[in-house]
Amino acid sequence: MTSPVRTERKDDVLVIISDNPPVNALGAAVRQGLSAGLDEALADDGTKAVVIRCDGRTFFAGADITEFGKAPQQPSLLDVIERIEAFEKPVVAAIHGTALGGGCEIALGCHYRVAARSAKVGTPEVKLGLLPGGGGTQRLPRIAGVALALEMTAKGDPISAARAQEAGLVDKVVDDAALAEEAVAFARQVAKVRPLPRASERDAAPDPQAVEAFVRANGRRFKGFDAPAANIACVVKATETSFAEGLAFERAEFVKLLNGTQSAAQRHMFFAERQAAKIDDLPADTPLRRIENVGILGAGTMGGGIAMNFLTRGIPVTIVDTSQEALDRGIGVIRANYDRSVKSGRFTAVQVDAIMARLTPSLTMEDFAQSDLVIEAVYENLDLKKQIFADLGKIAKKGAILATNTSFLDVDAIAEASGRPADVVGMHFFSPANVMRLLEVVRGEKTAADVLATVMALGKTIGKVPVVSRVCFGFIGNRIMAQRSAPCTEMLLDGASPEQIDKVFTEDMGLAMGPYQMSDMAGVDVGWHRDPNRIETIRDALCAEGRLGQKAKAGFYDYDDQRNRTPSAKTAEIIDAFRAKAGRAKREVSDEEILERAIYPMINEGAKILAEAVAQRSSDIDVVWVTGYGWPIYTGGPMFWANTHGLDRIVAGLERHGVEVAPLLHEKAQSGSIFT
Ligand code: T1G
């Protein structure tokens with residue numbers, strides 16, 4: 001097999017070049033190739049310096065994640081980096097694209113680094129539940145100081161070439177096109193420098209204030225995760241011990257994380273997000289329709305948020321609503337959101353003006369006649385949506401895509417109403433639509449292949465994680481969420497409290513919110529019949545009391561002016577009254593019981609969704625819940641969590657509570673297999 005690494009001689013400089021698409025992952029063959037390149041440089045006296053660079057879209061984007069958990073192959077990444085740093089001739093890294101993880105560590109092992117202006121460097125291992133295991137936690141603080149090392153390792157976001165140069169992580173920044181040449185010139189320039197600068201020989205100055213400030217500032221963000229603390233501990237260790245001891249500490253922490261369930265879950269999610277973009281029965285080269293402008297019907301909260309996704313990426317939007325007042329209000333909210341981004345420094349005022357100039361308000365759907373894509377975002381009413389699509393079917397030009405943002409209604413019925421069902425698809429955004437990453441792409445019976453492929457690609461373009469769902473009530477996310485509400489209400493009547501149930505979801509399971517917190521945030525009155533005299537459910541009773549949620553400073557919880565919530569005696573009173581009316585006695589409900597009765601049915605429904613092929617694969621369900629419903633990434637989403645938790649345990653729990661077990665779940669539990 002040919003090595004993905006070759007060498008090129010530039011007179012007295014040997015260039016070692018990796019060409020391992022798609023992202024020059026540092027798999028065994030690449031490591032062996034780098035080592036062979038160093039052998040060649042060492043063996044030739046004519047070689048005065050070495051450059052390491054990559055072909056393709058990026059410098060090494062890290063260790064090959066697919067190799068984790070497999071039998072290690074030599075040389076290890078650590079061996080290669082140590083050899084580079086110890087090399088007797090100067091080694092220069094030529095960085096373009098994203099030098100990430102092990103790629104950044106290779107660069108830090110080099111004596112010098114030259115970067116393309118558009119390049120980024122980073123150590124995102126923490127996003128995989130890991131830490132830089134190739135000496136990064138020891139070399140970064142020695143070169144760039146503790147504060148930046150903490151930012152880069154414990155948060156994992158890359159930094160620009162310019163910032164890296166400021167921090168001393170990069171010696172020279174050059175024009176992208178000139179990188180290869182400039183790196184060779186730089187290597188020639190330093191060919192005689194001795195001693196060579198080696199990061200491991202530098203000291204890392206302690207900075208306890210920076211550590212303390214960093215931990216204080218990020219406590220909430222790191223809650224539940226194991227890896228950030230380990231990254232911090234390694235960086236601090238670098239300021240307290242020798243390089244060798246620090247490296248040993250780093251290795252031990254790395255191995256602990258690598259063998260932990262959190263990293264397995266986060267690596268699962270890494271590939272799951274990329275897998276979700278693939279539609280099994282659609283050829284990868286399915287042609288795409290051109291989307292250069294978008295029409296949005298409805299300037300409400302959802303319509304406005306959806307519009308921002310396109311405006312921010314330079315795609316002009318025509319937004320239509322039924323009244324000038326509604327239009328002005330909607331555009332005002334969009335403007336206010338962008339103004340907030342100016343205050344936070346994300347955009348300049350000039351940029352926001354340019355963005356807003358791409359937005360055309362209108363009071364007539366006729367103005368969608370030239371739109372490449374029209375997204376309907378009006379309130380949930382099937383007849384209304386069918387009428388709208390009947391109109392859109394006539395107004396929209398040939399080849400335009402018609403999308404509905406419904407979160408549960410029958411997309412096939414809406415499509416039929418348009419008279420051109422092949423052009424219709426569901427694009428289910430999540431509130432706030434300009435922030436939430438998830439986009440459920442609902443594939444109708446007759447949705448055309450190019451419509452599906454186009455919307456999937458567009459979803460990625462606007463920074464979303466698109467996941468395909470077939471048509472069913474509630475699609476993937478809401479259908480699974482619906483499974484928990486009835487058991488939760490039953491447990492309230494049995495004796496649990498809203499705060500106890502929410503605690504199991506948040507503190508025990510790590511979800512961002514429990515069902516009652518979420519209800520109070522979304523509004524207890526969502527879906528309420530608005531008749532205060534008709535009280536059939538606990539929700540009816542709360543609404544009748546005006547306890548509509550956070551917006552009313554009272555819902556299942558009470559809220560103060562800062563929206564801090566406290567358990568509510570009034571809610572407890574209402575629940576007690578319902579229990580008495582139902583003739584039920586209050587009893588102790590354990591957290592374990594809440595888990596079994598509220599979470600297990602969600603897994604059960606996931607199995608049904610898979611069996612019905614509503615979702616293509618179980619990892620898609622995980623992506624939906626992690627990117628759209630606040631399921632913690634460090635447990636990998638509901639189906640991955642179920643595998644870890646034990647499918648037989650879940651089946652036993654469901655049976656214990658009289659829930660009919662989905663055949664697929666039963667089968668897997670019995671055969672000892674897992675969801676894949
Ligand atoms: N290993 C294996 N495959 C990888 C990979 C990697 N490191 N990075 C990407 N891929 C695959 C990916 O699955 C996809 O495959 C294709 O490449 C394109 O990726 C010791 C322990 C570089 C910013 O965490 O963040 O180093 O789906 O769709 O949007 O300290 O990929 O086509 O079959 O994401 O242009 C640390 C991970 C590893 C960076 C490009 N590195 N990669 O984004 O393309 S751990 C990372 C990314 C480590 C050492 C440790 C992104 C990207 P497929 P893509 P993209």
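**Ligand, helix pairs and backbone features**

An oxygen atom of the ligand is placed 2.7 Å from an N or O atom in the side chain of Glu 125. The model is a predicted one, in which local features need pLDDT of at least 70 and side-chain atom pairs count only at pLDDT 80 or more, while totals for chains, interfaces and linings use all residues. Residues are numbered from 1 along each chain as its sequence is written, and side-chain values use heavy atoms, with hydrogens and water left out.

The next topic is the packing of helices. Two packed helices are described by the angle between their axes and the distance between the axes. Here, helices are DSSP runs of H or I with at least four residues, strands are runs of E with at least two, and both are numbered from the N terminus. Axes are lines fitted to C-alpha atoms, for helices over the stretch in contact, and angles run from 0 to 180 degrees between N-to-C directions.

Helix α4 (residues 136-144) and helix α9 (residues 227-238) have axes that come within 8 Å and cross at roughly 55°. That angle makes α4 oblique to α9 (under 35 degrees is roughly parallel, over 145 roughly antiparallel, 65 to 115 roughly perpendicular, and the rest oblique). Their contact (heavy atoms within 4.5 Å) involves Thr 137, Gln 138, Pro 141 and Arg 142 of α4 and Cys 234, Val 235, Lys 237 and Ala 238 of α9.

Helix α25 (residues 638-645) and helix α26 (residues 647-656) pack at about 95°, with their axes 6 Å apart. The two helices α25 and α26 are therefore roughly perpendicular to each other. Trp 641, Ala 642, Asn 643 and His 645 in α25 meet Leu 647, Arg 649 and Ile 650 in α26.

Between β3 (49-54) and α2 (77-86), the loop contains Pro 75, and the peptide bond from Gln 74 to Pro 75 is cis, with omega near -5°. Pro 195 belongs to the loop between α7 (179-189) and α8 (208-222); the bond joining Arg 194 to Pro 195 is a cis peptide bond with omega near -10°.

Conventions
Polar contact = N/O pair within 3.5 Å; in protein donor to acceptor, adjacent residues only side chain to side chain.
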